[in-house]
Amino acid sequence: DGSDDEDDENDAPVVTQQQLAEVFDIGPSFALPPMEEMFYLVAGLFSSKPLTQIVS
Amino acid sequence: TNSLNLKAQKAAHSKSLIFEPRVAASQSFNTLYNLCHEGFQELCLLDRRFLEFQRNIFNERSQDQDRTQMTEAENEKLNQRLESFLGLVGGRVRLTPGAKAVEWLVRRFRIHEYNTHFLLTTFLPYHTLPIFSTLMSILPSRIPSEYKFLEPYIRSLTPPPRHAIVKAAINAPTFTTSLNSYVIRVSRSQQHYPALLAFWAGVMTEAVGGMMDKSRSGRKGVQHDNEQNVILRMLPTLNAGLGMKHNRDLRIGCYMLLSVMASKGGLDDKILVAMMEAVVLGWEFDTITSGLVCLSMLTQQRGSKRLPRKVTKELTKIEGLPTLLLQLSKQRRVDKLAYGLSLALIERLKKKSNLHALSDIQEIIQDQLLSDVQVSVVVKALLLTAHQIDDNLNQITLRPLLASTLVALTQFSSHTGDVVRSTLGDTDVDIDELEMKLQTTIRQIGVTGQQTEDE
């Protein structure tokens, strides 16, 4: 079946289509935030949490 | 039949982006030209690249150019000019001058019939605006197959929502390919503008996510084939986009697509390496940080491996790389990138002694960018390199550098220092022999795990 199985090796978070749409579907193309900002939002969704939290 | 012909001609002439059909039907080409040319002139003031079209499609003589009377070759040449103009005007169709200029192409050259595909793609980033609905209202009854998904919206003359476009990009490979080709073509001609690239990158990022999810249904073998198809469909665009200079948004858009594809687990090692190289080879000052983020996502998928040579070479050109990695590590995991880099730097040491390489490795360990296991492997690799040093000139200069790096590592007071020290006790390398070779003391008295205190 097509259900998601937990993958221990790959700890990248599961990102839904809805979450991705929320980054882009916020207004007409000519009113979107800069590309770099959108990239960091997308990367943030797919990135694993930091290995160490460095608290200074 | 003559009157029927006349009627058909009149109906065709009434198709307009600006005027009501009844008004349009009564306009002469001369009236239209004067009005549209005004818009064109304003465009020329905004961007001098429009000027070249004064010689042809906006020339006064264009008033008498009838496509149906032109040869196939002439039509072909005309199409090239029209598409070149459309690419350039794409960023300005929301402005009155832009709309007026495009109106001339609709009325005189019937681009909505002859260049439907290119025209629709040019207007697609504006799919929510009334001008897009107007365009849909003048399209011929048969539209290009890539745009079949627009049919219900054309029938009801309602603007297609974004998710309908994303859905088409997921399910219709011909549409995906044509949108990709359009963006690459327009970018190559330096006609791109932010809204187009934002639109494309957003739609394609979502679509790639959707395609990868979709390819996962079905049997394992079928899944793999489906995934490969998605990747093959996107690779030419990624290669072209990453190969282009001075187009920051296109480049970052490609990073976005790549990150999604990699994170969905779809890229095998060979493609990952090729893409990692493409990410770093063309990056420029203002795309390095986003490039590093993309690279960190690709390396997380690649597992614990030494970075490819070309990638390492480009990374060593970045000043203050460990600091940059430390900043990035606060938002996301960069350990596999830092680890793969460290291993690659050690490998390079054997060929050329590089002071920076050693201080970078030291900084990476000190900044706690690596896990304990990774620290341990890197330290072991350093010890092994030190052990293998021979008396050729390159390596003689390396010797004191390696010695001081190893000593510094063992002196860290943090948890990392403990890991380094316990690694020393755990290695196959003969430390006594090594200390003699390096003419230094690596094991610090009183802090080495396996040594008794000497008071």
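**Exercise 1.** In which helix of chain B is the place of B:Ser259? Describe the surroundings of this residue.

*Solution.* The model is a predicted one.
Step 1: B:Ser259 lies in helix H14 of chain B, which spans residues 248-263.
Step 2: The relative accessible area of B:Ser259 is 1%. Buried means under 20%, so B:Ser259 counts as buried.
Step 3: At 2.7 Å, the backbone oxygen of B:Tyr255 is reached by the side chain of B:Ser259.
Step 4: Not counting residues up to four places away in sequence, B:Ser259 touches B:Cys294 and B:Met297, and also A:Phe39 from chain A.

**Exercise 2.** Describe the interface of chain B and chain A.

*Solution.*
Step 1: The two chains bury about 3,100 Å² between them, with 64% of it on carbon and sulfur atoms.
Step 2: Chain B brings 47 residues to the contact and chain A brings 29 residues.
Step 3: Between the chains there is one salt bridge. It joins the side chains of A:Glu36 and B:Arg248, at 2.5 Å from N to O.
Step 4: Among the elements of chain B that give two or more residues to the side touching chain A are H12, H14 and helix H16 (288-302). H12(B) gives the most to that side, with eleven residues.

**Exercise 3.** Which residues have the most contacts inside the largest nonpolar core?

*Solution.*
Step 1: This core has 163 residues, and those with the most contacts inside it are B:Phe85, B:Leu105, B:Leu292, B:Leu298 and B:Leu315.
Step 2: Helix H12 of chain B (residues 194-215) gives the most to the core, with 13 residues.
Step 3: At least three residues come from each of domain 1 (8-151) and domain 2 (161-278) of chain B.

Note on methods
Residues are numbered from 1 along each chain as its sequence is written. Chains are lettered from A and ligands numbered from 1 in the order in which they are written. This is a predicted model: local features need pLDDT of at least 70, side-chain atom pairs count only at pLDDT 80 or more; totals for chains, interfaces and linings use all residues. Side-chain values use heavy atoms; hydrogens and water are left out. Helices (H or I, at least four residues) and strands (E, at least two) are DSSP runs, numbered from the N terminus. Buried means under 20% relative accessible area, exposed over 50%, partly exposed in between (1.4 Å probe, protein chains only). A polar contact is a pair of N or O atoms within 3.5 Å; within protein, one must be able to donate a hydrogen and the other to accept it, and residues adjacent in sequence count only if both atoms are side-chain atoms. Contact means heavy atoms within 4.5 Å. A nonpolar core is a set of buried Ala, Val, Leu, Ile, Met, Phe, Trp, Tyr and Cys residues joined through side-chain atoms within 4.5 Å. Domain bounds come from an automatic or database domain assignment. Buried area is the accessible area (1.4 Å probe) that two parts lose on being put together, summed over both. A salt bridge is a side-chain nitrogen of Lys or Arg within 4 Å of a carboxyl oxygen of Asp or Glu.
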